[in-house]
Amino acid sequence: MRLWRRKQREHDLDRELSSHLSLEAEEQRELGLSSEDARYAAQRAFGNTTLVKEDVRATWGWTWLETIANDLRYATRMLRKNPAFTGAAVLTSALGIGATTAIFSVCDAVLLKPLPYSDPGHIVMLWEQPPRGETLGPVAPANFVDWREQSRSFSEIAAMDPKPTFVLTGQGEPARLTGAGVSPNLFSLLGTRITLGRDFLEDEDRPGRDRVAILSYRTWLHRLGGQPDILGRSVALNDISYTVVGVLPREFEFVAKASDFQARNQFDVWVPLALDLEKLQRNTHPLRVFARLKPDVPLAQAQADLNVVAANLARRYPETNKGSGITAVPLIQQVTTNVRMALGTLLGAVGLMLLIACANVANLLLSRAAARRKEMALRVALGASRRRLGQQLLTESVLLAIAGGSMGLFLASAAIRAVSPHVPADLPRASGIAVDARVLVFTGLISLATGILFGLAPMFQAQRANANEALKQNARIASGTQSRMRSGLVVGQMAIALVLLIGAGLMARSFWTLLHVSPGFRTEHILTARLSLSGSRYPDARRIAAFQRELLERVRNTPGVQSAGLAAYLPLSGTDNGWGFVIEGRPALRTGEYNLAKYRPVSPGYFETIGIPLLRGREFISADNEDAPLVVVINESMARRYWGQGNPVTERLQFGPPIWRTVIGVVGDVRHEGLDAEARPELYVPFAQAPNNEARTTIVVRTALDPIVVTTALRKTVSAIDPAVPLDQVETMEELVSASVGQPRFRTALLAVFSILALVIASIGVYGVMNYLVIQRTREFGIRLAVGATEGDVLRLVLGRAAALIVAGLCLGLLGSVVLARLIASLLYGVTPLDSLTFAAVSLLLSAVALFASYIPARRATRIDPTVALRYE
Amino acid sequence: MQGTLDMLILRTLRTSRAHGHQIAKHLQRTTDDVLQVEHGSLYPALHRLERKGWVAAKWELAASDSKRELKYYRLTAAGRRQLLAEASRWKQMANAIARVMWPVEGS
């Protein structure tokens, strides 16, 4: 209807204007002009008919829509007519936008999306801040109870005690479940509703009433049949019967880190914490504490409140709490703290790459704008306003960007699919990485911004177009401003590419260094697997030691096994423990101060199996059992720190119960927490003499056989001794090492890909500009060659121009790198941010590639045939 | 000068209907060619006035030539009011300018 009316109006207008013209022509004829002259005179008096029509249409309203539709139609036609140009521009912007979209979707899922809890911004974690230690630590039960009573800033406080070892029996194969004891209000604090059944009750948080369990959806479905009649049934966990009261929703995700990072975020079963209020401890620190800020309390106020509480407790319990603080950390920050920097760097890197891509498209558009100068000038001459022309050009570039964006979106989702298997396992919330509505909006905005950004250059050009000159001029000769702008773009591209390459180079060197760090133990031909001994079947060290002895005996006799040993905390496994200790004969430390060493129960044969060298004394033997004198082995760092050049062997020390233990040997340091972590003082004890029971241990087997073969034998052996002992997390030491460097590998690989793409795009940019220069100066080169210049002269001329651009880019890029490299210092290992080798090598690489890109057009310049060149336009 | 052109068009239509060419000629003649406007620029103004409801347009047979249909514009009631308002505003303005430019001397 509307369209029809529009056509009618259009027709009306034509009729009206032509009747005016014919009336005027008639009048002129009557004045004696020839009919042709009369027509011209009428038209002259009338003015520009097309312009008048446009102005009239403008009075009809909603023409802007029509204008856009027209512009779009025209732009589509233009782009379709130049497939090579369009393809290059779309592909370049697709690469930039695609990479940016992919990284944004990672950042969005990991950092930006709200946590899956109600009002997650108000949830914080509370940590103990030890007197001297810089790292925040988990919380002693007595402190938790005091915080809950004394603080005023929180509507709820709940604690959680991760229990990595819940052995589920009576449901087929014994299975180890990861569990946690939690305050009954934890789920309501998080805002999670139990799908099936109910939450814990307040009075189930008491010893004796606490034999109830809530299951994760996964456990319910895969281990316990997934039937609703699970409620009220009992399950055997560590040989204790628990009644199932609820099942968590399928989408429930626990994002706080578990103590054991391989089990991170995968809690299978939840039981009440049930602290015994009569026997609260203040010197063991197992709890993770969560709190919800009251609606009107800002974090700073809550922190001030906690400081008062900490001061009170320090006064009251100086032995344990002196100098100790409490720190509240927002949950989202807690979850993302380790990856924020790395992801920020990646996002910055793709942003830079996008800029390079934009510069390339801008360059393409500029060279096309040069070819279109006549067209533009003609349109100006015919009455198109500059604004109108600018709008047209902008429509074209935005259309290009949107095409690039759509293709980029496609590239991004392909990239995410390709990359997601390689996402490091310890990247939090990685499962949420996807191209979703938020990412779509982001890509749309980025594409628009990109289109406007690279459309600005030709628009700026068009604004300055001078109709008269352009029409007279040779279309191929560009104005000075244009080539300055293009050169500027190339210099910028070079500079940004250099920054990216240097970043990637530093990361790569750092990663290389990391991979070549000696971890202090053997990584080849080592198979590891976790065993879980439930506390009820193995209540004391004696029973555990007996099991271990039998197991080791049998495993060592398995064909193909060279040696075997056990450790409670395997290096690079993410498990750890520490104790305070005192050395005999040393002056007592002040209250609240203690020497800290990492605590490592191991079996005889462990050092030999994993290849930790013995430096002094002897290692554990099977005679160091529960009845023998207590012995310890310390590592090199501990010996150096506490005995300096002296000999620690035969010295005595104490930790845990007040019994003296004799140092019998010193072994080499290992990188326990990560390849990039400094070794800490470590204190090894035989399992048989460990002061507490270690239910979960890792068996380490040295074998030249295929790990699968050995695993089967191992399972059989364990099952033959006790069928209720589950064996899981079977991994080779090489896999553990590889997993431990997952994050640096991921970011190094991504940065390398981005910087190489940037290098390629920037080189194409250099090629384009030099190519353009050669075309532009074809006649000049032809003349030069004709009057006796050698090919070398021309080559030097072109390459000299390229070199000037490249050097300018390098200088700018080096300057930028010096500033930006410092920002990523925290991500580097064993290489300084201003590593001169990296800077030099990368600059060389970039210059070589860019020069090569310029060599191709330069070579063509030398082959110009003077006779052809002189006739050239 | 857009508003001025509008006012002149409205004034031209005060007594009788007219088509675009007539209006153009009338303006040209009565101002002794002082107001040199391109004929074309009349039409956006006419269509704007029509949209505002100050003039109404209709295709009618030409008075001089009964075989030709032309688009005739005539003043509406609203257009008449607008013309009065514009004219008095213009008069005030002209007087004000005149007082500044040629002050009454002596007295």
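In this predicted model, the centres of domain 1 and domain 3 of chain A, taken over C-alpha atoms, are separated by 50 Å. The domain assignment, which is automatic or from a database, divides chain A into domain 1 (2-61), domain 2 (131-323), domain 3 (340-516 + 742-871) and domain 4 (535-723). Local features need pLDDT of at least 70 and side-chain atom pairs count only at pLDDT 80 or more, while totals for chains, interfaces and linings use all residues. Residues are numbered from 1 along each chain as its sequence is written, with chains lettered from A and ligands numbered from 1 in the order in which they are written.

Turning to chain B, its 4 helices and 3 strands follow the order α-β-α-α-β-β-α along the sequence; helices (H or I, at least four residues) and strands (E, at least two) are DSSP runs, numbered from the N terminus. The C-alpha atoms of chain B fill a box of roughly 65 × 30 × 20 Å along the principal axes. Of the 107 residues in chain B, 30% are buried, that is, with 20 or more other C-beta atoms, placed from the backbone, within 10 Å of their own.

Where the two chains meet, chain A contributes 15 residues and chain B 13 residues, a contact being two C-beta atoms, placed from the backbone, within 7 Å. On the side of chain B that touches chain A, helix H2 (20-30), helix H3 (42-52) and strand E3 (69-75) of chain B each give two or more residues. The most come from H3(B), with 5 residues.

Methods. A residue is buried if 20 or more other C-beta atoms lie within 10 Å of its own, exposed if 12 or fewer, and partly exposed in between; C-beta atoms are placed from the backbone.
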